[in-house]
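User: I want to go through this model and ask what stands behind each label. Please put it up first.

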Amino acid sequence: MTTIYLIVYSIALLAMVSLGLAVIFGMMRVINLAHGEFMMLGGYACVFCVRSGAPLWLGYIAAAIAVGLFGVLVERVLIRHLYGRIVDTLLATWGLSLFLVGLVTSLFGPQAWSIPTEFGNVSFGGMNFSSYNFILIAISIGMVLVTWAIARFTVAGLIVRGTMQDPVVASALGVNRDLTYMATFGYGAALAGLAGAVLVPITGASPSVGLFFVSKAFINVIVGGHLPLLGTILASTLFGAIDGFVSYILSSVVGEVTVLIVAVILLRLLPRGITGRMRTGL
Amino acid sequence: MTPEFSADAAVPPKSWWWALVALAAAALAGAPYFGDEAFQLDISIIFVFALLALSMGFLWGYAGILSFGQTIFFGLGGYSYAILALNLSATNLPFLGALVIPALFATLLGYFMIYGRISDIYLSVITLVVTLIFEKSIRSTSGPEYVIGAVRLNGQNGIPGVPALTLPWLSEPLSISGVFYLAGGAMLAAYVGLRLLLTTRFGRVLVGIRENEKRMELLGYDTRLYRLAAFVLAGAVAALSGVLYALWGNFVAPEMFNLNQAAQVVIWVIVGGRSTLIGPIVGAGVVQYLSNWLGTVNVGQVTLVLGFVLMVFVQLFSRGVLPSIGDAFERLRRKGKSYGRAP
Amino acid sequence: MTTQEPILWTKGLERRFGGVRAVAGVDFTLKQGELRCLIGPNGAGKSTFFKMITGQLRPTAGEIHIAGRDVREAEPHAIARLGVGIKNQVPDVMNGLSVHENLWLAASSKWRGRQAAAAAGRVAERLSLTPILDRLVGELAHGQRQWVEIGMVIVAEPRIVLLDEPAAGMSDEETALTAQLIREFNREMTIVVVEHDMQFIRRIARMVTVFHQGRILMEDTFDKVVADPTVRDVYLGRSMGA
């Protein structure tokens, strides 16, 4: 029972952390290596809110909005000029990532900032679990559902899906491609910011938070393939299960390394990721 | 616009090039007489990084393989030397072993990726992931049970007390000046060696593959073999820089494998430009000098500046400093020509 | 191998892409020394057929033999070494390198050292490329680039040369020259040409194979093919240029 819970938590965590990156990659073929730093900024935004007296949930919203807007700025200033140049966007966002880490370290110092959490524990099958973990699982599911709902049921979602399938045709039909990309990048950034905020009660906000999660998210998205939702769900399930299971039995480092090795092997077998061959879907 | 890569790589270098190489060798030989040990240490590490940059620049610029994982072999080279040298009492075998072991791993990894026909961007991703695997694995080996022979891996603290190298024809281990000569000599030798390699059949075929792999295949070349050979060669050069790093600091640590180190290699090559062999060397020198100068202030600031440099260079000087300067000169030259023509 | 045995033959050759059969069961035989033309509307499967000959695509069914060897599972470079050269429609060369380097690389796959350089020089002479040996291929005019590629294809003295629309984008003069060259080369090597330009085909063709919807519709001499009503139907609206 404990194992199942740990695995579910692991999957949810991975999905939450990767979704923003997946949306941007799936939609724009941009590998945003600053994704981790977007999360980091979300964490700091949340901490600022809470320290100014706001409730935690408001901190989440503030983080999502703030980082979302920042994402729009990044898209305008940096990504915009590098479309189609997949290697250059990777390098440029890598540069942005270093820049943000350096900036935050200079401004706020390297130590972690935390916020008080009074969430209490829940007893389950003989073990104690922090009830915050359940909140995280719930939010993770929520993020996936909301993204799915937006994509499936709204006009904006339709536009995004259309542009994803065939940007030229979409453009010919009158879709403002620039605006679509800008909004999508902003949305992906907002998801990252939200993830960062949700993680703050667990990890605190520090400059190195991004580095810790970005490689996991990165692997998840690449192996997931080009369909953001399905790819993230499948890859998160696979890696979350492996990581949760192996970490429980051996250690978290062995879990991480196992995930990485499995990722390398999977990429060799499925060179375009799990959903690489699927032509339709989300 | 001038093409990114010189079409003359296959042409043997002219005499002025050889003169410059001789000059560099002379400068190298004489430098310890003009600078104290601190100076030599500062320059030696630049030689070490320049060699690492050269390995990546060669692989990217001339074989067309973008590897974010030269740090894999850099770290493996350093660690192999440390572990072998601390276990055996001699240092010559460890030196060789520290080149062979990474080369073997490069063959394995390269075969897996290149013969698996993994697409370019995913190849780059895998190299990044593998260097992360090494970093995470080694960083977690703090416990006393993680031992190879008599040497503890020591996790994130790294392995101190790496013995100095005693060359077979000398009776004493290398001093700081000795390491300076070795590092500088290795860098120069690697540069000259790679430059001359480009004039051989292997080098010319490699460049052909970079230009158009599919066409070369249709001409009858097993491109996978050539690319694998280039990957292993670049790995060996990176391993050499790793050994030199261990000799320079008498120390190896998991940071040799980490994301920051990998990012630095990329930055050196981007700043210097991948379209020449001298570019990465210059890039490493410039960036290291800059980092040293900034490092006296605050760690955070160095990362910040490096990140900024990377962003700017990717956008504006995507071909690197040297080619961009070359482009600027080319434009000035063309303007000059048009002024010279009769109206 | 006697001259009676075909240098290339396929049986039931098929290539699927998802649900589509681009090549749907082709029995094709090519004798040594032939000059064969493949015609057919776009999408008839000619390019896919060529790609399976060169090994760039694996057949999903059927057999293919070149120079007596089963090449169904062979890598492209191995097939090239058997003596198959292909010149694609769009010039596919090393644009950043000189004409000389391109020819040398092509020659080097078969010969070493000075022999390779000599072979490259000979081909350059034959195709009047000597004046531009030092020029970057990427800076040449379209027609010149085509000839560089032709040079690269023939320098290693292949057994079979596949030409995909060799006259595309050429002036009348260049087209006539190309036809002449093809007839010349045919004395030394077997040639298969894919073309749409009927005037061009008339100049060079003996046997013509008509592709349609992934199969061979008809195989006969040029005059018979041009006169056939089914072929005319397939090419509805196209000028057959009598």
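User: In what order do the 4 strands of the open sheet in chain C stand, and is the pairing parallel or antiparallel?

Analyst: Residues are numbered from 1 along each chain as its sequence is written, and chains are lettered from A and ligands numbered from 1 in the order in which they are written. The order in chain C is S2-S1-S4-S5, and the pairing is antiparallel. A strand here is a DSSP run of E of at least two residues, a helix is a run of H or I of at least four, and both are numbered from the N terminus.

User: Why are S2 and S5 of chain C said to stand at the edges?

Analyst: Strand S2 (20–31) and S5 of chain C each have a single partner strand, so one side of each has no neighbour in the sheet.

User: What makes S1 and S4 of chain C a pair?

Analyst: Two strands pair if DSSP finds at least two bridges between them. Strand S1 (residues 6–17) of chain C and S4(C) have 5 bridges in the antiparallel sense, so the pair meets that rule. C:Thr10, for example, stands opposite C:Ile64 in S4(C).

User: Which strands of chain C does helix H1 lie across?

Analyst: Helix H1 (residues 46–54) of chain C lies across S1, S2 and S4 of that chain, and runs at about 65° to S2(C). Such angles go from 0 to 180 degrees between N-to-C directions, with axes fitted to C-alpha atoms, for helices over the stretch in contact. In total, chain C has 9 helices and 10 strands.

User: Why does the radius of gyration of chain C agree with that of a compact globule?

Analyst: The globule rule is 2.2 Å times the number of residues to the power 0.38, with the radius taken over C-alpha atoms. For 242 residues this gives a value near 18 Å, and chain C has 18 Å, so the two agree. Along the principal axes, the C-alpha atoms of chain C fill a box of roughly 50 × 40 × 40 Å.

User: What share of the residues in chain C is buried?

Analyst: Buried residues are 44% of the 242. A residue is buried if 20 or more other C-beta atoms, placed from the backbone, lie within 10 Å of its own, exposed if 12 or fewer do, and partly exposed in between.

User: Why is C:Ala67 called partly exposed?

Analyst: C:Ala67 has 17 C-beta neighbours inside 10 Å, which falls between the cut-offs for exposed and buried. C:Ala67 lies in the loop between strand S4 (61–66) and strand S5 (69–70) of chain C. Its phi is positive, about 50°, although it is not a glycine. Most residues other than glycine have a negative phi.

User: Why does B:Asn250 count as partly exposed?

Analyst: B:Asn250 has 14 other C-beta atoms within 10 Å, so it counts as partly exposed. B:Asn250 also has a positive phi, near 50°, and lies in the loop between helix H9 (223–249) and strand S4 (251–252) of chain B.

User: Why is B:Gly220 called buried?

Analyst: There are 22 other C-beta atoms within 10 Å of B:Gly220, which meets the cut-off for buried. B:Gly220 lies in the loop between H8 and H9 of chain B. Among the residues that B:Gly220 touches are C:His77, C:Arg81 and C:Ala156. Residues are in contact if their C-beta atoms, placed from the backbone, lie within 7 Å.

User: How many residues does each chain give to the contact between B and C?

Analyst: Chain B gives 17 residues and chain C gives 21. On the chain B side, helix H7 (201–211) and helix H8 (213–218) each supply at least two residues, and H7(B) has the largest share, 5 residues. By class, the chain B side has 8 nonpolar, 3 polar and 6 charged residues. Nonpolar means Ala, Val, Leu, Ile, Met, Phe, Trp, Tyr, Cys and Pro, charged means Asp, Glu, Lys and Arg, and the others, Gly among them, are polar.

User: Which chains share the most contacts?

Analyst: Of the 2 pairs of chains in contact, A and B share the most. There, 34 residues of chain B meet 32 residues of chain A. H12(B) supplies the largest share of that side of chain B, 12 residues. That side has 22 nonpolar, 11 polar and 1 charged residues. Chains A and C do not touch, and their nearest C-alpha atoms are 11 Å apart.

User: What confidence does the predictor give the complex?

Analyst: The complex has an ipTM of 0.90 and a pTM of 0.88. Chain C averages a pLDDT of 89, with 96% of the residues scoring at least 70. Where pLDDT is low, the predicted coordinates should not be read in detail.

Conventions
This is a predicted model: local features need pLDDT of at least 70, side-chain atom pairs count only at pLDDT 80 or more; totals for chains, interfaces and linings use all residues. pLDDT is the predictor's confidence in each residue, from 0 to 100. Lists of a residue's contacts leave out its neighbours within four places in sequence.
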